[in-house]
Amino acid sequence: MMENAWLIPLFPLVSFVILLLFGKRLKEAGAYVGILMTLASLVFSILVLFERFSEPSYIQKFEWLKIGDVSLTAGFEVNQLNALMLFIVSLVSFLVHTYSKGYMHGDGRFPVFYAYLGLFTFAMLGLVISPNLLQTYMFWELVGLGSFLLIGFYFYKEEAKAAAKKAFIMTRIGDVGLFIGMILLFWKTGSFEYSEIFSAVEAGGISQTMITLTAILIFIGAVGKSGQFPLHTWLPDAMEGPTPVSALIHAATMVAAGVYLVATMFPLFAASKTALLTVATIGAFTAIFAASIGLVQTDIKRVLAYSTVSQLGYMMLALGSAGYVAGVFHLMTHAFFKALLFLAAGSVIHAVHTQNIEEMGGLWKKLKWTAPLFLIGTLAISGVPLLSGFFSKDEILVAAWEGGHPILFVLALIAAFMTAFYMFRLFFMVFTGEARGNQNHVHESPGSMTLPMLVLGVLAIISGYVNTPWFGSFLGDWLVDGNEKLGHGHMEGPIWIMIAATVVSLAGIYLAWLIYGKRSVSRNWLSGSGDTLHTILYNKYYVDEFYQMTVVAVTKGISYFLRFIDVFLVGGIVKGVVGFVQGLGATGSKLQNGQVQTYAAVAFVGLAILTVIFALTGGYLQ
Amino acid sequence: MSSIPASAFLALALILFCIGLYGALTKRNTVIVLISIELMLNAVNINLVTFSKYGAAPSIDGQVFALFAMAVAAAEAAVGLAILMALYQRKKTVHIDEMDEMKQ
């Protein structure tokens, strides 16, 4: 089966091509094309995953380009991480395809939406089976394109257009770092292959400085894609896209590509303490930074977006603390519960036609399926015991503690408290209390939307049990599989960490309940709306404004200057030349007046002049 | 044999040519222009005959050439007048400055 893994990305590509060619004719039936094709990918991915449990990794490549002595290869690789990612991506993609059938019903560009989804799924699946950096980079950019197209799907909305451009440009900034890092590695090792790069690193063929430099450059690419500080601002804006897209791309798969990249390149990072510390610091800072913004946002999708940024920071923190297993484990559980939360949020938006949580409330009874599923996702992300998020978050905290970063550990713990608080703030404001907005036509979503949520809900509960301190760390042992470069399958941490994590998350939930559920504590208890702290958080620490004033203003200044040169200097010269030639032509055309006598006179004068010249020079022209 | 020098003939030809050229370049009436062209041709003929008699290598060729030139001039005048007639029928004018169709 594994030798046929290359087929997995091709199914969505076929769906993309079919919908591109026949989309107009298929109309909403086009959904079935997309759903069937992603189902095929999912079935293959599951088969590959199960085969990988018992058999060694499979890699196949062929020569693609030969330049002098250097030959570039293309191919595919199925190792533990790739097989797991194949499963996650194809599963979430399949569920989102199914969900979109109900959510996008009635949209004029329905087939186009499915075509874009197919393109994105193709790119993402291609990304996770690439055996070398160059191929990864190509799919990396394709994924960015898919994200751009889908964020800008409602291109007639100015905000969507701006958000799409912002996402593309911000991630491009990171991609430049990745590209430079990739070229440096190629220069030093002569190969893009992961295996050759790692063996060169291990053999000490690269200087320590170069390892640190390339690792950090590659991490910059991951920062852009995974929305880490300081390139995080595009991710919340990307919520302008349709909600299923937010679930698929901006929660479960594409933004996790940065984490995946760091995990894939982990042996390189592991060779440099500085690089690891950078990853961990950025991750921990992003986790608490984004979580604090999430505390005050009022748009349901934006709260989830900041929570995504924060959770991605967690994964980076885990990887940076040498907790390879913890990072990948959280990547998996997060994909399930965050996709669930987004799909449930989409279901809520579908029902009440607003994204502002101030206008919701009291939806628990009206949305019989969505509400409990949302609660499951909320419990999972908050790290309540026995759900998936609890186990993976615990792994990360242990990794941070054992990695010797007590400050980062405390930051992560505070971020966990905030996460539990803002997620339950969201839950209580949306589902409890009395209705605050216009809720006349609230209805539960169709089965095509609730079923995918149900599947994800089950996974959000049980997926943590593949790697627990109590029932054995199956996932961790399998992921590491004796490769000591990746660390241990399971980290033994002090028991108080687990207790602390539980206490912190329950405390967050309790505080949220006191304020938003029971309302025994005023909402303005710590900082009311209009207060300095609230204003700063609500405006996201003014990062956007800061970029606007510095980077954007400087760039605009330079471009105005260049425009001035273009218009006045270059344009002036061009206009001068044009004017001269035009004048010449106008004078010349006056001679052609059709008066035969004028012609004759001119000819005679010319003859006379020639004669005079001949007479003066004696018939010889020098 | 003769006391008239060659320069006298050449001066006559020059004067005749200049009159013809002046007429061809300035007159509006096309008939006058054609007549002026005949004058210029005849000035050339005088030159031919003169050099045939007084040239550095006297030969009958020049006189023969003058006869040819006269025949061609007669034919040219006939064609020119025919064109002028056709133009006059179309445009009801013989003024040469109004005949600028070639410009278009």
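1. In which sense do strand 1 and strand 2 of chain A pair, and over how many bridges? They pair in the antiparallel sense, over 9 bridges; strands pair if DSSP finds at least two bridges between them. Helices (H or I, at least four residues) and strands (E, at least two) are DSSP runs, numbered from the N terminus. Before going on, note that this is a predicted model, in which local features need pLDDT of at least 70, side-chain atom pairs count only at pLDDT 80 or more, and totals for chains, interfaces and linings use all residues. Residues are numbered from 1 along each chain as its sequence is written, while chains are lettered from A and ligands numbered from 1 in the order in which they are written.

2. Staying with that pair: strand 1 of chain A covers residues 58-67, and strand 2 of chain A covers residues 70-78. The two form a hairpin with 2 residues between them, and Gly68(A) in the turn has a positive phi of about 60 degrees. If you want one bridge to look up, take Lys61(A), whose partner in strand 2 of chain A is Gly75(A). Strand 1 of chain A is hardly covered, with a count of 0 buried residues among its 10. Here a residue is buried if 20 or more other C-beta atoms lie within 10 Å of its own, exposed if 12 or fewer, and partly exposed in between, with C-beta atoms placed from the backbone.

3. Leu86(A) sits in helix 3 (residues 80-103) of chain A. Leu86(A) counts as buried because 26 other C-beta atoms lie within 10 Å. Neighbours within four places in sequence aside, Leu86(A) is in contact with Ile8(A), Ser45(A), Val48(A), Leu49(A), Leu125(A), Val128(A) and Ile129(A). Contact means that the C-beta atoms of two residues, placed from the backbone, lie within 7 Å. Gln228(A), by comparison, is 142 residues from Leu86(A) in sequence and 24 Å away in space, C-alpha to C-alpha.

4. A few backbone details are worth a look. Most residues other than glycine have a negative phi, and most peptide bonds are trans. The peptide bond from Phe229(A) to Pro230(A) is cis, with omega near 5 degrees. You'll find Pro230(A) in the loop between helix 8 (208-225) and helix 9 (234-237) of chain A.

5. Ala322(A) lies in the loop between helix 14 (300-320) and helix 15 (324-352) of chain A, and is buried, with 25 other C-beta atoms within 10 Å. Leu386(A) is in the loop between helix 16 (370-382) and helix 17 (388-402) of chain A, and counts as partly exposed because it has 13 C-beta neighbours inside 10 Å.

6. The axes of helix 14 and helix 15 of chain A come within 9 Å and cross at roughly 175 degrees. Axes are lines fitted to C-alpha atoms, for helices over the stretch in contact, and angles run from 0 to 180 degrees between N-to-C directions. So helix 14 of chain A is roughly antiparallel to helix 15 of chain A (over 145 degrees; under 35 is roughly parallel, 65 to 115 roughly perpendicular and the rest oblique). The residues making the contact include Leu304(A) and Tyr314(A) of helix 14 and His330(A) and Phe342(A) of helix 15. By class, this contact has 13 nonpolar, 5 polar and 2 charged residues. Ala, Val, Leu, Ile, Met, Phe, Trp, Tyr, Cys and Pro count as nonpolar, Asp, Glu, Lys and Arg as charged, and the others, Gly among them, as polar.

7. Further along chain A, Phe431(A) lies in helix 18 (residues 406-431). Phe431(A) is buried, with 23 other C-beta atoms within 10 Å. Its contacts, leaving aside neighbours within four places in sequence, are Leu363(A), Trp364(A) and Ala371(A). Ala371(A) is 60 residues from Phe431(A) along the chain, yet their C-alpha atoms are separated by 6.9 Å.

8. Lastly, chain B. This chain has 3 helices and 0 strands, and 12% of its 104 residues count as buried. Its C-alpha atoms fill a box of roughly 55 × 25 × 20 Å, taken along the principal axes. The contact between the chains takes 9 residues from chain A and 8 residues from chain B. On the chain A side, these are 4 nonpolar, 5 polar and no charged residues.
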